[in-house]
Amino acid sequence: TLVVFMASGFGPAKPFGAGRGRGKRAAEEPAVDTRRARFVRDEHGDLQVIRPGEKHPDDEVPDEEKSEEQLQYEAYLRGKTRGDIAKISGYSDGIDRAAVVDSAYARQAEQKGSDERKFAPARAYNHANKLKHRKQPNSVADTSRADGIQAMNTAMARARDGSDEDGEDDQMSLSMNAVQLANRAMETYNSQISNLVQLDVHGNDLRLPQLERKMRKFLECFGEEIVVQTVQGQVVLKDFDQFRKRYSTVFRESGAQLHADVRKRFYFEAEGSSECDSTFCLDFERHTSLVTPRPGLALDGSMGVLPPRDQDLVVLYAASGGEINSMCIAPDQHNLGGDPTIDQAAIESTEIFGSFRGRLDKLVGGEPLVMHFNSYLE
């Protein structure tokens with residue numbers, strides 16, 4: 001009776017080993033699934049969540065349809081996910097069986113002599129393949145590349161430092177008049193440089209040394225206070241920086257066809273008793289294949305340039321101290337420079353010549369000037 005009372009009073013008996021006394025085993029807790037969900041995109045591009053235990057729709061392939069290689073590899077991945085060693089092909093010695101499986105299939109294909117399918121060790125596990133194709137620091141390819149870079153740097157430096165001196169000393173340059181400076185600038189202006197980009201293997205433009213030297217020689221003829229105006233007094237290029245940017249664009253974009261000729265010229269100099277040391281020349285020029293920045297936009301051509309064109313100009317150069325200090329320009333609308341029938345007297349009677357002569361008188365302050373005329377068309 002006592003036993004029946006205790007059993008009925010304290011409920012059903014606990015299974016053996018479920019208590020807390022000494023020598024008792026603790027109850028096994030349910031395993032916690034520590035795997036993470038996966039995020040994949042379906043065939044429509046929508047993001048889908050695959051929770052632990054669920055299969056990807058593309059992975060729902062019956063084991064009967066999988067090859068032995070796929071089964072072995074899936075077993076390998078399951079073993080890595082659990083953190084222990086998976087038994088692949090009956091082994092559990094900790095060896096990476098993915099490479100073993102690939103090698104076994106390769107040997108099998110070689111024995112059968114079948115060309116239908118080629119096998120090779122997996123690149124992800126073939127460490128020998130990675131070491132084999134690693135570039136050595138002293139390889140022939142690296143040595144040849146280093147020699148090529150050094151040779152290119154040497155050539156670029158030689159092009160930049162190339163001799164562009166014409167044998168004239170500083171004293172002779174200071175004594176140059178407007179005609180000599182204009183001729184020197186025109187000679188540099190006509191040196192041919194292609195407008196096609198010529199890149200080396202390192203992406204450097206091989207024209208840059210030539211363009212730099214051409215620009216440097218051209219700017220040597222002009223002073224830092226250079227100003228370009230129209231004959232009416234409107235400023236076109238206000239300082240040396242704008243002058244440099246504009247002609248850098250002309251030289252870079254015009255190409256090897258850029259050329260200019262002086263067809264007629266007036267030369268003005270002060271009389272022997274005058275204190276005026278400035279000289280002037282009025283040139284009737286013809287420019288061919290001229291490319292310039294678009295009017296009103298960036299002078300460096302970054303916002304576009306005009307297409308190549310031919311242009312006739314009348315330019316007044318004012319020089320002193322061996323430099324051209326100012327330029328006045330106007331279009332030769334009546335082809336005064338290109339018409340051989342128009343002589344000196346006919347040009348002097350035109351309105352455009354009168355405008356330039358009035359501009360010239362302001363520059364010299366009324367000093368008497370001696371005028372010379374030459375026509376290069378004959």
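User: What share of the residues in the protein chain is buried, and what makes a residue count as buried?

Analyst: Buried residues make up 29% of the 378 residues in the protein chain. Buried means under 20% relative accessible area, exposed means over 50%, and partly exposed lies in between, with a 1.4 Å probe and protein chains only. This is a predicted model, in which local features need pLDDT of at least 70 and side-chain atom pairs count only at pLDDT 80 or more, while totals for chains, interfaces and linings use all residues. Residues are numbered from 1 along each chain as its sequence is written, and side-chain values use heavy atoms, with hydrogens and water left out.

User: Why is K217 called partly exposed?

Analyst: The relative accessible area of K217 is 32%, so K217 is partly exposed. K217 lies in helix α8; helices (H or I, at least four residues) and strands (E, at least two) are DSSP runs numbered from the N terminus. K217 and R184 are 33 residues apart in sequence and 8.9 Å apart in space, C-alpha to C-alpha.

User: How many helices and strands does the protein chain have?

Analyst: The protein chain has 11 helices and 9 strands.

User: What makes β5 and β6 a pair?

Analyst: Two strands pair if DSSP finds at least two bridges between them. Among the bridge partners, F266 has L282 and Y267 has C281. β6 and β7 also pair in the antiparallel sense, over 10 bridges, and L290 stands opposite R309 in β7.

User: Why is β6 described as largely enclosed?

Analyst: Of the 12 residues of β6, 10 are buried, so β6 is largely enclosed by the rest of the structure.

User: What makes a set of residues a nonpolar core, and how many residues has the largest one?

Analyst: A nonpolar core is a set of buried Ala, Val, Leu, Ile, Met, Phe, Trp, Tyr and Cys residues joined through side-chain atoms within 4.5 Å. The largest has 34 residues, and those with the most contacts inside it include F222, F243 and M327. Its largest share, 7 residues, comes from α7. Apart from this core lies another of 20 residues, among them V231, F280, A318 and I347.

User: Which residues does F222 touch?

Analyst: Not counting residues up to four places away in sequence, F222 touches A185, F240, F243, E323, I324 and M327. Contact means heavy atoms within 4.5 Å.

User: How many cavities of 30 Å³ or more does the structure hold, and what lines the largest?

Analyst: The structure holds 1 cavity of 30 Å³ or more. F268, L282, L316, F353, F356, R357 and L360 line the largest cavity, and helix α11 (residues 351-364) gives the most, with 4 residues. On a 1 Å grid over the protein atoms alone, a cavity is a set of points where a 1.4 Å probe fits but cannot get out, and lining residues have an atom within 4 Å of a point.

Definitions and conventions: On a 1 Å grid over the protein atoms alone, a cavity is a set of points where a 1.4 Å probe fits but cannot get out, and a pocket is an open set with protein on both sides within 12 Å along at least five of seven lines; lining residues have an atom within 4 Å of a point. Grid points are joined across faces, edges and corners, and a volume is the space filled by probe spheres set on the points.
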